[in-house]
Amino acid sequence: MKKLLKLLFNRIFLVGLPILIQIFALVMFILRFSSYFVYFYAFCTLLSVIAVLRILSGKTNPAYKIAWIVPIMLFPIFGGLFYLMFGKNKLSKRSKRKMRVIQEKMTELLGQNEAVIKEIQTRDLSAANQSRYIENYSFCPVYQNTISGYLTPGERMYDRLLKELKKAERYIFLEYFIIEEGLMWNSILDILAEKASQGVDVRVIYDDVGCLFTLPYRYDKQLEKMGIKCCVFNPFIPILSARMNNRDHRKIAVIDGYTAFTGGINLADEYINSYVKHGHWKDSAIIIQGEAVWSFAVMFLSLWSQQKKTDEDYEQYRPVASLEKVFVSDGYVQPFGDSPLDDESLGETVYLNLISTAERYVYINSPYLILDNMMMTTLCSAAKRNVDVRIITPHITDKWYVHAVTRSNYDALVESGVKIYEYTPGFLHAKTLAVDDKLAVVGTINLDYRSLYLHFECGVWLYQTQSVLEVTADFLKTLEQCQSVTVEDCLAVKWYKRLSSSILRVFAPLM
């Protein structure tokens, strides 16, 4: 009886049941009316045709278009209606106004020091152009007077995060896709509660869908009772809506305006291997200290203001003026954020720019390899012009269907000369890209459609920093624990697996 009551009051059951009821009611409504009224059938068919024309005329990725057109044409009665409910990703005029205010605020607070960008330009025009693109479309400038360090695996990041949190005197901002009660989060929470009691401004943003299975209902209220300000991003409600597509996939920690972390590591035990979920969990993060941290503070506050509908005084969170004397320049560091609501695929373009300008090598860590035609062509073209392109993916998967799509892309890549490796000890969750010993990106961006087009993401663009060499060195060390994927391996895949993977690839943008 207790198990039954626990199930009935479980959050998954409470939100899942209404959604199933809505789907069932919608399907029954359509079936009933399509059986009795030829006009209703004609209306739905016309609606599907309009939906297809709307998709074709849109600016979305071609693969995303195909993923919607196929089911609409196969099921004209259901297809058009489902697209109108789930497929649109357009901002309302009100939301556009809000986004414009945020962009103007970021532009005002994050002005580019032209001397820095000109200095990069004298060293490498291509790198300067890439940096300028990031500044133009994410409103985040490139900085000096910043040091950076690459942290891998998750245990290293965890230890360093605890040390830095204990030093906090003014504020702590945490923004994460997944938070789960356990060793990692509980030890962090103890520090947050202690700091909040000391008068430190402690704030937490977590994604509601990301934490659907990991945190209890109304967990934000528990944190508020501890003195920790909390914001739940895009709260999940059991109503069929496309709004649930856009998630906050960022992982950001900002401490006192002079220390920040980002990368692939969420605040849950599998990320530090205290809980074995998919074999050994290989992940990574970047710590930056100095001027560049201000961009992450503004990113956090912008999202907080948007979600909480508050007007923050950003200036009170600026780091102290003496930081320039504390943190010497270690190359050039440029944090950036990517929003799905601005019609600019910034994360993908940053990757494409790096790969396109590589001369010697491109080394990529990604848990997923769900590529559109542009990314596939760019990777293959780089390999064909004799650039050493290597990609590490997991050997043990977290989602079988996503891993099937990942492996279905191996054929074209390997045939073009791209070297693919799978991390045999377990699951590789790091998201890094390193180029030619001089450029790298470490962040939250996966090589899949959700990260590149639907999620809020972030990363750090690095040029001529010591951390670039650290990313490369760790990649080469990780190869020692990987198995290479050969042309023979690709040809040995059974026909029925190829067929199922091909079908999954069509719908990959919707996964």
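A: Strands E9 and E16 pair in the antiparallel sense over 7 bridges. Two strands count as paired if DSSP finds at least two bridges between them. Strands (E, at least two residues) and helices (H or I, at least four) are DSSP runs, numbered from the N terminus. Within this pairing, Gly337 has Cys458 in E16 as its bridge partner.

This is a predicted model: local features need pLDDT of at least 70, side-chain atom pairs count only at pLDDT 80 or more, and totals for chains, interfaces and linings use all residues. Residues are numbered from 1 along each chain as its sequence is written, and side-chain values use heavy atoms, with hydrogens and water left out.

How many residues of E9 are buried? The count is 7 of its 7, and the strand is mostly covered. Buried means under 20% relative accessible area, exposed over 50%, and partly exposed in between (1.4 Å probe, protein chains only). Both faces of E9 are covered. One side carries Tyr332, Gln334, Phe336 and Asp338. The other carries Val333, Pro335 and Gly337. Every one of these residues is buried.

Now the sheet. It is open, with 8 strands in the order E9-E16-E15-E14-E10-E11-E12-E17, and its pairing is mixed. E9 (332–338) and E17 (482–485) stand at the edges with a single partner strand each, so one side of each has no neighbour in the sheet. Neighbouring strands here are turned by 20° against each other on average, direction ignored. Angles run from 0 to 180 degrees between N-to-C directions, and axes are lines fitted to C-alpha atoms, for helices over the stretch in contact.

E16 also pairs with E15. The residues are 457–463 for E16 and 439–443 for E15, and 5 bridges join the two strands, which run antiparallel. Leu439 has Tyr463 in E16 as its bridge partner.

Two helices meet E9 and E16. Helix H12 (residues 293–308) packs on the sheet and touches both strands. The direction of H12 makes about 10° with that of E9. Helix H7 (residues 114–123) lies across E9 and E16, running at about 110° to E9. Contact means heavy atoms within 4.5 Å.

Next, charged pairs around this sheet. A salt bridge is a side-chain nitrogen of Lys or Arg within 4 Å of a carboxyl oxygen of Asp or Glu. By this rule the count is 19. One of them joins the side chains of Arg360 and Asp437 at 3.3 Å, N to O. Arg360 sits in the loop between helix H14 (346–357) and strand E10 (361–365), and Asp437 in the loop between strand E14 (432–435) and E15, so the pair ties together parts 77 residues apart in sequence. Arg360 is partly exposed, with a relative accessible area of 46%. Asp437 is partly exposed too, at 37%.

Arg407 and Glu422 form another salt bridge, with their closest N and O atoms 2.9 Å apart. The pair links distant parts of the chain: Arg407 is in helix H16 (residues 400–408), Glu422 in strand E12 (residues 419–423), 15 residues apart. Glu422 is buried at 2%.

A further sheet, for context. It is open and has 7 strands in the order E1-E8-E6-E5-E2-E3-E4, with mixed pairing. Its edge strands are E1 (146–151) and E4 (229–233), each pairing on one side only. On average, neighbouring strands of this sheet are turned by 10° against each other, direction ignored. E6 (residues 259–263) and E8 (residues 285–290) run antiparallel and are joined by 5 bridges. Phe261 stands opposite Ile287 in E8.

The side chains of Arg247 and Asp207 meet in a salt bridge at 3.1 Å, N to O. Arg247 is in the loop between E4 and strand E5 (252–255), while Asp207 is in strand E3, 40 residues apart. Both residues are buried.

E3 (residues 201–207) also holds Asp201. Asp201 is buried at 14% relative accessibility. Leaving out residues up to four places away in sequence, Asp201 touches Arg170, Tyr171, Ile172, Phe173, Lys229 and Tyr317. A network of salt bridges links Asp201, Arg203, Lys229 and Glu312.
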